[in-house]
Amino acid sequence: MPQHQKNPQCLYDQCFQTCSEIQDMEVDQVSKTLQETHLSSYPLIPGSSKEAPDAGKPSTPENHQSFCSSSIAMTTTSSGELNEGASGQEEEVGTSWAGPTPENVPIRALDEKVISLVNFMLFKYHMKEPVTEADMKVVIKEYEDHFTEIFLRACEHMEMVFGLDVKRVDPTNHCYGLFIKLGLTYDGVLDGEEGMPKTGILIFILGVIFMKGNSATEEEVWEVLNLTGIYAGQKHAIFGEPRELITKDFVKEKYLEYRQVADSDPAQFEFLWGPRAHAETTKMKVLEFLAKVHGTDPSSFPSPYEEALQDEEERARARIS
């Protein structure tokens, strides 16, 4: 397989589009895919079983099956340059990979191992447990020699689709923690439920709003979301019914403000950042994420970059005062 050179924007779109494909798959097809990962002790569909067969046992790769099938449909592709600095003992994983894969290794086989590892990471996130390199190598089994590629591609999906960072928290024991990106504290998963993290779509919408001048019409938001295979009124494998998620859940959590455009006739609606978004993250952090998606740096967007810098200065002055 040639070196990964695909544009990060294309990868971002494909991550969302391929996640949506699970909606068209039959249950037996998904079961077959899960069986091939040798992770078969947890229920296939969230809520399909009151208790997993191994309930109460430690969550190890051997007794784990994905608690949600949606990420199974992700056909993984190339890695983009997605490295971001981290401070303290949390070291964010740089999700860029440039090494070639030997021709005798089937591409599909590596793709399936990436899917398996993403499922395992999501399961550990749900259990609020760290992920060790030893456990991950058990998941990918015979492809341990390709651990670096598989790991970095899995981290890429965690970041782009689910809005989660994979950070090294214990270099000695090769242990990684899973954290919500950009300082946000909400992942859209209710306590006690097995839903999928929804921070990825929230970050995406915050970015659209910022790039549209701090307010974006409902039509503009859906126009961009449609490009990633997310449609109002059409249930999504990860995000559920996206219009309800965006106009109700995110608004209720005060991440988004949803209001009628003044003097619009017929009535039009627009989105703005809510107070919780302003409190937990910054325009610069969102712009840095968008720059990653486009494979560039924040200064490549002059006007938003200047605004983000000004926002940083105002926040700094506020802290001092």
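Let's start with a pair of helices. H3 packs against helix H4 (residues 133-140) at an angle of about 140°, and the two axes are 9 Å apart. How do H3 and H4 lie relative to each other? They are oblique, because an angle has to be over 145 degrees to count as roughly antiparallel. The crossing of H3 past H4 is right-handed. If you want to see the residues that meet, look on the H3 side for Lys 113, Ser 116, Leu 117, Phe 120, Met 121 and Lys 124. On the H4 side, the partners are Asp 135, Met 136, Val 139 and Ile 140.

One thing to keep in mind as you look around: this is a predicted model.

Now stay on H3 and find another partner, helix H5 (residues 147-160). H3 and H5 pack at an angle of about 55°, with their axes 9 Å apart. That angle makes H3 and H5 oblique to each other as well, and their crossing is right-handed. H3 brings Leu 110, Asp 111, Lys 113, Val 114, Leu 117, Val 118, Met 121 and Leu 122 to this contact. H5 answers with Glu 149, Ile 150, Phe 151, Arg 153, Ala 154, Cys 155, His 157 and Met 158. Lys 113, Leu 117 and Met 121 of H3 turn up in the contact with H5, and they are also among the H3 residues that meet H4.

Follow the chain out of H3 and you get to the loop between helix H3 (107-126) and strand S2 (131-132), where Lys 128 sits. Its backbone is worth a look: phi of Lys 128 is near 60°, a positive value in a residue other than glycine. Most residues other than glycine have a negative phi. Is Lys 128 buried or exposed? Lys 128 is exposed, with a relative accessible area of 73%.

Pro 130 is in the loop between H3 and S2 too. With a relative accessible area of 42%, Pro 130 is partly exposed. Which residues does Pro 130 touch, leaving aside its neighbours within four places in sequence? The contacts are Lys 124, Cys 175 and Tyr 176. Cys 175 is 45 residues from Pro 130 along the chain, yet their C-alpha atoms are separated by 6.6 Å.

Next, go to the loop between strand S4 (175-180) and helix H6 (199-211) and pick out Leu 182. Phi of Leu 182 is also positive, near 60°. This residue is buried, with a relative accessible area of 10%, whereas Lys 128 is exposed.

Which of its residues are buried? Pro 242, Leu 245, Ile 246, Thr 247 and Phe 250 are. These residues cover an arc of only 165° around the axis, so they are on the same side of H8. Turn to the other side of H8 and you'll find Lys 248 and Lys 252, which are exposed. As for the buried residues of H8, their cover includes H6, helix H7 (218-226), S6 and S7.

Glu 244 is also in helix H8, and is partly exposed at a relative accessible area of 41%. Its C-alpha atom is separated by 8.4 Å from that of Ala 232, 12 residues apart along the chain. After H8 comes Lys 254, with a positive phi near 70°.

The peptide bond from Asp 265 to Pro 266 is cis, with omega near 5°. Most peptide bonds are trans.

Finally, zoom out to the whole chain. It has 11 helices and 7 strands. Of its 321 residues, 50% are buried. Take the contacts between residues at least 6 apart in sequence: 64% of them join residues at least 24 apart. The chain exposes about 15,300 Å², and carbon and sulfur atoms supply 49% of that area.

Definitions and conventions. Residues numbered from 1 in each chain as written. Predicted model: local features only at pLDDT ≥ 70, side-chain atom pairs only at ≥ 80, totals over all residues. Heavy atoms only, no water. Helix = DSSP H or I, 4+ residues; strand = E, 2+ residues; numbered from the N terminus. Buried < 20%, exposed > 50% of the residue type's maximum accessible area, 1.4 Å probe, protein only. Contact = heavy atoms within 4.5 Å. Areas by Shrake-Rupley, 256 points an atom, 1.4 Å probe, with all protein chains shown as cover. Arc of directions from axis to C-beta. Axes fitted to C-alpha atoms, helices over the stretch in contact; angles between N-to-C directions. Parallel < 35°, antiparallel > 145°, perpendicular 65-115°, else oblique. Left-handed = near helix turned anticlockwise from the far one by under 90°.
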